[in-house]
Amino acid sequence: MVGTRYEVEVGPVAHGGGHCVARHEGRVLFVRHALPGERVVAEVTEGTTTSRFLRADAVEVLEPSKDRIEAPCPFAGPGKCGGCDWQHVSPGGQRKLKAAVLTEQLAKLAGLTPAAAGWDGSVEPVGGKLAAGQVPAWRSRVQYRVDAETGRVGLRKHRSHELQLIDRCLIAAEGVTELGVEARDWTGLESVEAIAASGSSDRQLILRPLPGEQLPLVELDKPVSIGRVDEQELFHRVHGRTFVRERAGDRTWRVSNGGFWQIHPEAPDTLVDAVLTGLEPQWGENALDLYCGVGLFAGALAERVGEEGAVLGIESGKQAVADARHNLAALEQVRIECDKVEALLPRTGITETDLIVLDPPRAGAGRETVRHLVALGARRIAYVACDPAALARDLAFFAEGGYRPVSLRAFDLFPVTHHFECVAILEPAAER
C-alpha cells in the first residue's frame, strides 16, 4: 500500500517516533509531519492490505494547527532526514505534545493522573528563548553516516538506512558545526561522530572505517582529537586525547572513547539540580547511584552526604567505570563497582540504604530490579528517565512495592525531537 494517499483528520499524538494517530475506514494510520486536529493528505510509507496499522507522512496540509510553523531546516519533511520529528511545530506546541504523551503513558501503564504523580502537567523548557524561526543548537554529539558513493555525510531517514545528505545540521551545537564535517570527503568511512565538550574546548572525532578500508588523513581547521572504532567495536587512539573534558556541578568530568554523556549542554546541571532538590540528601546518609555512568550523580550525592556518608555507584561499562573512578578519586566516601545492576546489587550484601538514584537505559529498570530496590527501604528514590513508557511501567512496579511518586518533573532537553527527560521522586506510600 506504499504510496496510497488518504485524506484524514489527525487525532492525538502517539508515543515515540513523532507520529500522530489517524483513522481511515477503521484502519489506524501513524502519521508523521502532522499535528492533532489537522486535516491532511497522508501518504502511506509502510504497510500492506493485511497490516494491523499503516505508517504514513502528511504530504499536504489542508487545515493546519495553530501550532504549525514553517520548518526552519531544509532537510526536514516527508521522506527527508529522520533526526528531528517536530521541526514543523512551535516550541510551545512541542512541549504540549510531550506533555500529552507523558499524561497518556502514566494513565495507561501506571494508572496515575498528573496530580497523583506529583506533576504539574508541564514540560519545562531548558535554555534561553530564541527568536521566531530559530532552532536551538543543542546537540553536542552528532553521528553522521557516510555515503559510500560520494564520501559526503548525511543523516538517516526515518526508519531507514537511506541517507539524507546535508550541508548543515541546525540542532548541532556550535562546537560541532565549527568542525566542518559536512564539507569534507570521508570516502572509506562508514560513519563520523563529532563531539564538542561543554565547558571546555575539547573536540573529538570518532571514525569508523568500512571493512578493509584504511583511515584517511584528517586535517581540520580546529584542534581535534581523533579515535577509530574497529570491526570488533574496540576504540583506538589516532591523534590527541582519548577523552573529552565536560563541565558540570563545579567539577570536570573525563568522558572517554565517546562514552555516554548528556548531549544537551545544560542537561547535566538541570538533572542534578532536580535530583538533589527532590532527594534533599543529608550529611552522613548512605546512597546508591545505579547505572552511574561516569559518576555525575554519585559526585553530587557524595558532596551532600559528606565524609561520614557513603555512595556506591554501579555501572556495567568498563570504560565508564574507569572514568568514574578517575573523576571521583578525591571523594573517599564514593565506591564505583563494575557490573550490571541486576547482577551486582543482590551480591553487595546491602540490606538498607537512605537514598537511591537510578538512571536506567531506555528499556527501564524492570520488575526484578525494582523489587530489590524497594526492599532496601530508602526514604527517597530519584528515577531519571529518558522514556515515558519505561518510567510509567517502572512506577507501576514501585507501586507494587509500596512506593509512590511525590513529585515528577519533565524537561525539554531534546527540542524538535519527540524525546524528553523526566525526574520522578518516590517515597514509601505510608509516609505520604
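## Starting at R367

R367 has a relative accessible area of 38%, so this residue is partly exposed (buried means under 20% relative accessible area, exposed over 50% and partly exposed in between, with a 1.4 Å probe and protein chains only). Its side chain meets that of E400 in a salt bridge, with 2.8 Å from N to O (a salt bridge is a side-chain nitrogen of Lys or Arg within 4 Å of a carboxyl oxygen of Asp or Glu). The pair joins distant parts of the chain: R367 sits in helix α7 (residues 367-374) and E400 in helix α8 (residues 388-400), 33 residues apart. Helices (H or I, at least four residues) and strands (E, at least two) are DSSP runs, numbered from the N terminus. E400 is exposed, at 53% relative accessible area.

## What you're looking at

This is a predicted model, where local features need pLDDT of at least 70 and side-chain atom pairs count only at pLDDT 80 or more, while totals for chains, interfaces and linings use all residues. Residues are numbered from 1 along each chain as its sequence is written, and side-chain values use heavy atoms, leaving out hydrogens and water.

## More charged pairs

Side chains of opposite charge can pair when their charged atoms come close. How many salt bridges does a search of the whole structure find? The search turns up 28.

One of them joins R5 and E43, whose closest N and O atoms are 2.8 Å apart. Here too, distant parts of the chain are linked: R5 belongs to strand β1 (residues 5-13) and E43 to strand β4 (residues 39-46), 38 residues apart. R5 is partly exposed at 48% relative accessibility, and E43 is partly exposed at 24%.

Then there's D67 with K66, a salt bridge at 3.9 Å, N to O. D67 is buried, with a relative accessible area of 16%, whereas K66 is exposed at 74%. Elsewhere, salt bridges tie E7, E9 and R39 into a network.

## Helix α3

Now for a helix. With 13 residues (267-279), α3 reaches 18 Å from its first C-alpha to its last, close to the 18 Å expected at 1.5 Å a residue; that expected span is 1.5 Å times one less than the number of residues.

Is α3 mostly covered or mostly open? Mostly covered: 10 of its 13 residues are buried, including L271, V272, V275 and L276. The buried residues of α3 pack against several elements, among them β14 (243-248), α4 (296-305) and β21 (403-412); contact means heavy atoms within 4.5 Å. Following α3 comes E280, with a positive phi near 50°.
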